[in-house]
Amino acid sequence: ADMSILNKRMVEYTMAVLKGKPNFHISLAIDISPECDCEAHNDVPIVGDIGMFASFDPVAIDKACADAVNAMPAAPGSELAQHPDGDHIHALHPQTNWKVQIEHGEKMGLGSGEYELINI
């Protein structure tokens, strides 16, 4: 099943929550599991810990995190190591096109997929 509609709805729900309110976003790219954290079971992390991201732009922070994950080598013994692909997220979940969420966020005016990453 194509999950594009779900990805688009997440953008729209985010817009509804943030509309007219000041907001700041923090993402911790650590212990990145192959499945959703909501699952009752999981496996070893798919890549090593990357770090913390912060931004006023929720689209930019999502894109930066996805790019950082995709730039990492697969962790030995992880599910990802069994499915090599340049796009780690797609390799583990081919039915999910995560880029739709970024594109829809830009189209809806939620933010930009363009970012400047400042390492500290």
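Helices here are DSSP runs of H or I of at least four residues, and they are numbered from the N terminus. By this convention, H4 is followed by glycine 109, whose phi is positive, near 85 degrees. The model to which these assignments belong is a predicted one.

The overall architecture comes first. The protein chain has four helices and two strands, and along the sequence these elements follow the pattern α-β-β-α-α-α. The radius of gyration is 15 Å, close to the 14 Å that the globule rule gives for 120 residues, so the protein chain is as compact as a globular protein of that length. Along its principal axes, the C-alpha trace spans about 45 × 40 × 25 Å. Of the 120 residues, 34% are buried. Among contacts with a separation of 6 or more, 61% are made by residues 24 or more positions apart.

The interior may be considered next. In soluble globular proteins, nonpolar side chains tend to be buried together. The largest nonpolar core of this model holds 13 residues, of which Ile32, Ile46, Val47, Phe53, Val69 and Leu80 touch the most other members. Helix H2 (58-71) and helix H3 (88-92) each supply at least two residues of this core, and H2 gives the most, with five residues. A second, separate core consists of seven residues, including Leu18, Trp98, Ile102 and Leu110.

Because 10 of the 14 residues are buried, H2 is largely enclosed by the rest of the structure. The buried residues are Pro58, Val59, Ala60, Ile61, Ala64, Cys65, Ala66, Ala68, Val69 and Asn70. They pack against H1, S1, S2, H3 and helix H4 (99-107). At the start of H2, a side-chain oxygen of aspartate 57 reaches to within 2.8 Å of the backbone nitrogen of valine 59.

Strand S1 contains alanine 29. At 5% relative accessibility, this alanine counts as buried, since the cut-off is under 20%. Not counting residues up to four places away in sequence, alanine 29 touches Asp49, Ile50, Gly51 and Phe53. Alanine 29 is also 8.7 Å from alanine 68, C-alpha to C-alpha, although the two are 39 residues apart in sequence.

One aromatic pair is found in a search of the whole structure. Phenylalanine 24 and phenylalanine 56 form this pair in an edge-to-face arrangement, with 4.7 Å from centre to centre and 65 degrees between the planes. Phenylalanine 24 lies in the loop between helix H1 (4-18) and strand S1 (25-29), and phenylalanine 56 in the loop between strand S2 (51-55) and H2, so the pair ties together parts that are 32 residues apart in sequence. As to accessibility, phenylalanine 24 counts as partly exposed at 45%, whereas phenylalanine 56 is exposed, with a relative accessible area of 63%.

Aspartate 87 is found in the loop between H2 and H3. Its relative accessible area of 14% means that aspartate 87 is buried. The side chain of aspartate 87 reaches the backbone nitrogen of histidine 90 at 3.1 Å and makes a polar contact of 3.0 Å with the side chain of tryptophan 98. Tryptophan 98 is, in turn, one of the residues of the second core. With neighbours within four places in sequence left aside, aspartate 87 is in contact with Asn70, Trp98 and Lys99; of these, Asn70 is among the buried residues of H2.

Note on methods. Residues numbered from 1 in each chain as written. Predicted model: local features only at pLDDT ≥ 70, side-chain atom pairs only at ≥ 80, totals over all residues. Heavy atoms only, no water. Core = buried A, V, L, I, M, F, W, Y, C linked by side-chain atoms within 4.5 Å. Buried < 20%, exposed > 50% of the residue type's maximum accessible area, 1.4 Å probe, protein only. Phe/Tyr/Trp six-rings, centres within 6.5 Å; stacked < 30°, edge-to-face > 60°. Contact = heavy atoms within 4.5 Å. Polar contact = N/O pair within 3.5 Å; in protein donor to acceptor, adjacent residues only side chain to side chain. Rg over C-alpha atoms; globule rule 2.2 N^0.38 Å.
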